[in-house]
Amino acid sequence: MRERRSVVSVRGQKRVLFVFAVLVIMLIILSLRTAWVQIVRGEEYTDMAVDQQTSDIAVDAKRGMILDRNGEVLASSTICYNLWIRPAQIREEYDEAERSELITKIAEITGEKDTDVREYFASDSVLLRIARHISKEQADQIRKLEIYGAELAEDTKRLYPLGTTAANLLGSVNDDGIGRSGVELTYNEYLSGVSGRRVFDKDINGNLLAFGDRISYDARNGFNIELTIDEVLQHYLDETVQQGYKDTEAEKVAGIVMDPKTGEVLAMSIYPTFDPNNPAEPVEPSEKDIFNEMSDEDQIKYLNKMWRNPLVSDVYEPGSTMKLITASATLEEGLANPNTEYYCGGSIVVEDYELYDAEHYVHGVQTLTQAVGNSCNPIHAEMALNLGYDNYYKYLDLYGFTGTTDIDYPGESLPIIQNKEDIGPVELATMGFGHGIAITPIQLVTAISAIGNDGTLMRPHLVRRITDSDGKTIIENEPEEVRKVISKNTAREVRSIMESQVEFYGGTALKIPGYRMGGKTGTAERASEGGYNESVQDTSFVSMVPVDDPQAVALIVCYGPKNGMYATETALPIARRFWIKALPYMGIEPTEAAETTGGEADFAYVPDVTNISYKEAVTLLESYGLKAEIRPAVSEDENMDDFDFTVVDQYPKAGKRIDKSEPVFLYRE
């Protein structure tokens with residue numbers, strides 16, 4: 001019996017030892033696993049836990065406004081919402097059928113594609129934005145769905161209330177609200193502000209815990225940019241440039257208006273243009289069809305071209321407008337006076353190369369003033385040769401043609417000018433009448449403005465000041481003198497020559513009775529590889545008013561017009577239409593005893609028609625002799641008999657003096 005008990009005792013001991021060994025091994029494994037979780041991956045799991053229990057949503061700063069010189073809003077930001085989801089939480093809370101129903105409803109409300117929303121729901125991302133810039137109405141519909149795992153965050157969306165007005169100048173922003181082109185890009189750092197954050201503890205359904213921690217970091221809104229642009233002048237220029245585009249059938253038409261005394265750009269317009277509210281789509285219906293048929297690569301090229309501003313970023317041969325520079329240099333150097341006589345035999349021979357007048361016309365004996373008026377190529381070639389290489393290039397440099405203007409705008413192009421050491425007499429002679437040299441329109445209008453400013457060149461600029469949300473000025477751009485180019489006396493002589501161009505020569509179609517106006521035409525064949533394309537011309541016309549004390553200089557450029565070959569047929573009529581509207585608004589009174597185009601009865605001061613009904617607004621405007629247009633326009637299915645709404649905004653604003661032929665735009669919600 002004792003032996004048996006001994007055997008059993010030994011077996012029991014072995015079992016105990018085995019169980020103990022197993023427990024020790026399990027304890028070691030558990031310890032190792034605990035160490036793995038808490039030490040090796042502790043930080044990762046801690047972050048995951050915090051992420052599951054904490055909601056951290058960015059609060060975008062409100063982008064600053066862009067205003068015209070009178071405080072009219074050209075670009076602003078409106079409140080909208082972004083929809084965020086936690087895909088894993090949604091998959092846990094809803095079965096497949098419920099998720100499909102949610103996907104359909106979200107797609108219908110937000111306008112997102114059903115397939116895209118489905119991909120979002122299947123994503124492995126912890127937090128995902130699935131729709132942005134939805135309206136308050138859309139956000140309210142989302143809230144009614146009470147989706148566990150979905151969150152709405154307040155955001156801002158860029159709005160351009162005047163649509164295509166000054167679009168290429170203003171530029172646009174991308175989907176993240178970052179400046180993509182124009183002023184929006186140049187001053188993005190000031191406009192964008194600094195984003196904030198909203199952090200709070202939440203329950204499993206994403207709801208705020210009553211006693212959870214919460215931290216808010218307020219966003220710092222962007223600064224406001226006040227431009228030198230005048231919205232009314234901009235409207236007039238936009239309108240006349242667009243009409244000129246249709247009349248001339250040009251590739252594009254552009255215009256710029258500058259205050260010669262300050263260098264402030266008062267208006268800048270290009271057509272075709274785009275709507276910055278929808279910058280990824282052409283404005284013209286016919287162009288939309290062409291655009292939609294393009295490949296993705298071609299669409300990108302098309303959009304970049306559409307957003308581009310040729311007035312600053314593209315060079316062209318100025319043609320005869322450059323003769324003002326040649327004449328002014330000749331006068332300043334004392335090589336001639338306005339009455340000095342030259343002889344034109346229809347051409348000039350330079351190193352066995354014959355340079356002809358544009359129309360092979362023999363002008364005979366003519367004064368310098370007449371040579372500019374007749375736009376005589378041989379005489380201006382002779383002037384350039386008389387100046388010589390050093391002097392001619394000296395004035396190119398003084399007028400700013402050898403570098404950039406340093407305007408506060410992105411993408412300014414460098415001029416294309418041959419090195420002085422590399423040219424011969426023929427090249428110098430052709431530059432004298434505006435060929436063989438390529439400059440930007442902003443360079444040309446800045447140089448001509450120096451003539452209007454008694455010979456002092458000003459730095460062109462688009463921004464007057466930068467202010468905070470309280471209106472406090474942060475930065476102010478004062479007019480900046482660059483250098484003295486020509487004497488006051490020479491500047492007056494050149495302006496007198498420009499006035500003669502309008503009174504007696506090729507610019508007579510510009511004349512508006514009662515006003516002293518100066519101008520100069522320019523036509524140049526399009527440069528191409530190996531020479532010139534005789535079938536394509538770029539035409540331009542530069543003008544200033546009043547010529548004895550210029551308040552504004554305007555340049556109109558028509559690129560490749562098909563209806564008309566010369567500036568007198570293309571660019572000049574556009575300039576005249578602009579001045580007819582602009583002069584009364586600018587308060588420039590006639591300086592001569594003559595009946596001006598359009599009497600006082602043709603103009604009216606716009607009344608305030610906001611916050612009243614459409615019908616009341618129409619009646620009030622009609623009493624002023626003005627007509628109304630609705631924006632957004634009335635669709636075909638809306639019955640105008642019973643149509644009415646409250647006017648929320650108007651353009652032009654109350655108090656503006658406008659031509660009675662101009663409509664007043666009434667804006668509705």
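This briefing covers the nonpolar cores and salt bridges of the structure above. The model is predicted: local features need pLDDT of at least 70, side-chain atom pairs count only at pLDDT 80 or more, and totals for chains, interfaces and linings use all residues. Residues are numbered from 1 along each chain as its sequence is written, and side-chain values use heavy atoms, with hydrogens and water left out.

**Nonpolar cores**
- The largest nonpolar core has 81 residues. A core is a set of buried Ala, Val, Leu, Ile, Met, Phe, Trp, Tyr and Cys residues joined through side-chain atoms within 4.5 Å.
- Helix α16 (residues 377-398) gives the most to this core, with nine residues. Helices are DSSP runs (H or I, at least four residues), and so are strands (E, at least two).
- L368 is among the residues with the most contacts inside the core. Beyond neighbours within four places in sequence, its contacts (heavy atoms within 4.5 Å) include A327, Y342, M383 and I497.

**Salt bridges**
- The whole structure holds 27 salt bridges. Each is a side-chain nitrogen of Lys or Arg within 4 Å of a carboxyl oxygen of Asp or Glu.
- E226 pairs with R465, the closest N and O atoms being 2.7 Å apart. E226 lies in strand β8 and R465 in strand β16, so the bridge ties together parts 239 residues apart in sequence.
- E226 is buried at 13% relative accessible area, while R465 is partly exposed at 21%. Buried means under 20%, exposed over 50%, partly exposed in between (1.4 Å probe, protein chains only).
- E476 also forms a salt bridge with R465, with closest N and O atoms 3.2 Å apart.
- Shared partners join R69, E226, E264, R464, R465 and E476 into one network.
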